[in-house]
Each structure stands twice: as C-alpha cells, then as structure tokens.
Amino acid sequence: MTTGTLITVAPTGAESAKAEVPALPVTLDELLLTAKECEALGAAVIHVHIRDDEAKPTLDQGRLRETVAALRESTDLIVQLSSGGAVTDPEADRLAVLDAGPDMASCTMGTLNFGDDVFLNRWEFIVDLHTRMQERRIVPEYEIFDLGHLTALQRLLGKYGLPAGGHVHVDFVMGVPGGMPGTTSALVAAHQALRDLPEGTTFSATGIGRSTIPVMLASLSAGGHLRVGMEDTVTYAKGRPVESNMQLVARAVGFAQLAQRPPLTTAEARGLLGVPAAGR
Ligand code: KMH
Ligand code: ZN
C-alpha cells in the first residue's frame with residue numbers, strides 16, 4: 001500500500017555552470033540555506049554534489065566531510081552523497097566518496113551515453129561500490145537511467161546480497177540523452193520491471209528538463225516517490241528559469257498533496273529506506 005511521498009532534493013548536480021545558472025547553490029553556505037528551506041517545505045533526502053572555489057564540480061575529501069557534518073548539524077535531512085560525480089571523475093575518487101560517511105550514496109547501475117559524454121559505470125566498479133556500502137552500512141540509492149540497469153541490479157543483488165538496511169530503493173533518472181525517455185510509458189515499463197526485484201522495493205523518479213512534470217505525475221500515480229531539484233531542472237516553465245530549489249520542492253509538495261500522498265517526514269523516510277536515526 002502506498003502512503004506518503006518521499007521527496008528528494010538534488011540541488012546542484014555536476015552539469016550546470018554557475019555562470020549560466022546563477023541561482024545554483026555552489027558554496028557550502030548556499031547549500032545549507034537551500035537544505036534547511038527544502039526540509040521545511042517537505043524534502044526528506046538531499047542528493048549532494050559539491051563544487052570548488054571556482055564553482056567547478058569536485059570530489060575533494062575534506063570538502064565532502066565538511067559538507068556531511070554541516071548538513072547533519074543544520075538539518076535532519078538524510079544525506080545522500082553522489083558517487084556519480086561528474087563524467088570526468090576517476091573511479092578511485094568516486095569510491096572515496098564513501099569515506100566521507102554519508103547516510104546514503106548513489107550507485108548508478110550501468111554505463112550510458114550522457115549527452116555528448118559517456119557516464120562510465122563498469123560492472124566491477126558497481127560491485128565495489130555496492131559491497132563497500134554494505135561493509136560501511138551506507139544505504140544505496142540505485143540510479144536507473146535505462147531499463148537494462150534494473151536487470152543489472154537484479155544480478156547484483158542475486159550475487160552479492162541486499163544492501164545495508166535490507167531495503168532496496170531505486171531512482172529512475174529519465175530523459176537523459178542516452179537513457180530512457182521521460183515519458184509515462186517508460187515509467188510504467190520501469191515500474192513493471194520492479195517485479196523482478198525484492199518485494200517491497202520502492203522507487204522515486206525524476207525527469208530531466210521538460211520531462212520533469214510528466215514524470216512527477218506518472219510517478220505519483222504509479223505509487224512512486226519524487227526527486228526534484230536544479231541538478232535535473234533549470235527551467236520552471238517555458239521561458240522561466242528556476243528561481244530556487246525551493247520553488248521546485250514546493251511544486252512537488254503541491255502535487256504530492258493533490259495526490260493525497262503528503263510528504264514523508266525525515267523520520268518516516270528513514271524508516272522507509274532503512275537509514276538509521278540521525279546521530280547513529
Ligand atoms: N553527474 C552525472 C554524470 C549520481 O549523482 O550518482 C552522474 C550523476 C549520478 O549525477
Ligand atoms: Zn547526481
């Protein structure tokens with residue numbers, strides 16, 4: 001039975017340039033302000049990419065640790081670090097993200113064309129991420145950019161066992177040029193393929209760019225959860241740049257309430273995902 005809606009905010013990403021998207025939070029102060037305001041609106045998870053002093057994507061270990069600590073200090077949000085980074089990040093740096101001790105980390109389930117680039121996720125790398133997260137009790141969110149990624153996940157869980165916490169949660173990232181489209185029919189296909197995963201597997205979905213609204217509505221009607229944020233969407237409506245991540249979270253909360261599936265609290269979200277209570 002579907003209850004409330006888990007809302008994840010992905011405020012920054014690694015793809016947009018601050019010069020082109022001035023509202024993008026890139027400093028720690030900007031990130032913390034965004035995190036607090038998005039939590040107050042109804043977000044329960046924050047998917048984090050960080051930037052350096054030039055606002056370029058970085059996986060600097062010191063900054064990652066500082067960011068995790070500061071988010072924990074100022075919010076009760078579940079802190080999910082991106083292990084995807086930017087398409088240029090080496091595997092060793094992506095694995096080292098786990099050393100910063102987040103509650104959760106993303107784990108992309110396969111390689112795909114990513115616009116003009118390639119987002120490389122070799123099988124051995126995925127296995128490494130999955131098993132290291134098991135050892136460290138970090139809860140994964142499996143990022144699914146294409147249907148075959150669900151088959152890879154089934155294989156991963158079959159060979160290496162369930163993740164920390166025992167619950168499987170996936171995120172359909174739809175509409176990336178090179179991945180599945182951000183359409184209702186693609187979402188239904190992905191939803192149906194969850195039948196091959198452990199009972200109780202939950203999903204959220206995000207549609208890149210203009211697919212954000214169709215994917216949000218399709219996910220809610222299929223019993224799924226929502227990821228929104230400026231990592232995925234920088235245009236609010238035709239000709240209107242997104243003003244802030246809060247604007248996107250507020251819209252998602254409104255849709256969830258219309259669907260009579262109000263946002264989960266952070267405590268409820270921890271229960272759903274198998275993430276230990278804050279301050280473990
Ligand atoms: N920036 C993309 C190449 C993740 O965070 O795990 C990868 C990405 C997925 O955003
Ligand atoms: Zn990401």
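Trainee: Which residues form one aromatic cluster?
Mentor: A word on the ground rules: this is a predicted model, where local features need pLDDT of at least 70, side-chain atom pairs count only at pLDDT 80 or more, and totals for chains, interfaces and linings use all residues. Residues are numbered from 1 along each chain as its sequence is written, chains are lettered from A and ligands numbered from 1 in the order in which they are written, and side-chain values use heavy atoms, leaving out hydrogens and water. Rings of Phe, Tyr and Trp (its six-membered ring) pair if their centres lie within 6.5 Å; planes under 30 degrees apart are stacked, over 60 edge-to-face and the rest tilted. The cluster consists of Phe114, Phe119 and Phe145.

Trainee: How many aromatic pairs does the structure hold, and what is the angle between the planes of phenylalanine 114 and phenylalanine 145?
Mentor: There are 4 aromatic pairs in the structure. Phenylalanine 114 and phenylalanine 145 make an edge-to-face pair, 6.2 Å centre to centre, and the angle between their planes is 65 degrees.

Trainee: Is histidine 47 buried or exposed?
Mentor: Buried means under 20% relative accessible area, exposed over 50%, and partly exposed in between (1.4 Å probe, protein chains only). Because its relative accessible area is 2%, histidine 47 is buried.

Trainee: Which residues coordinate the zinc ion (ligand 2)?
Mentor: Donors are N, O and S atoms within 2.8 Å of the metal (3.2 Å for Na, K and Ca); water is not among the atoms, so sites may look incomplete. Along the chain, the donors follow the spacing H-x1-H-x181-E. At 2.1 Å, the coordinating residues are His47 (NE2), His49 (NE2) and Glu231 (OE).
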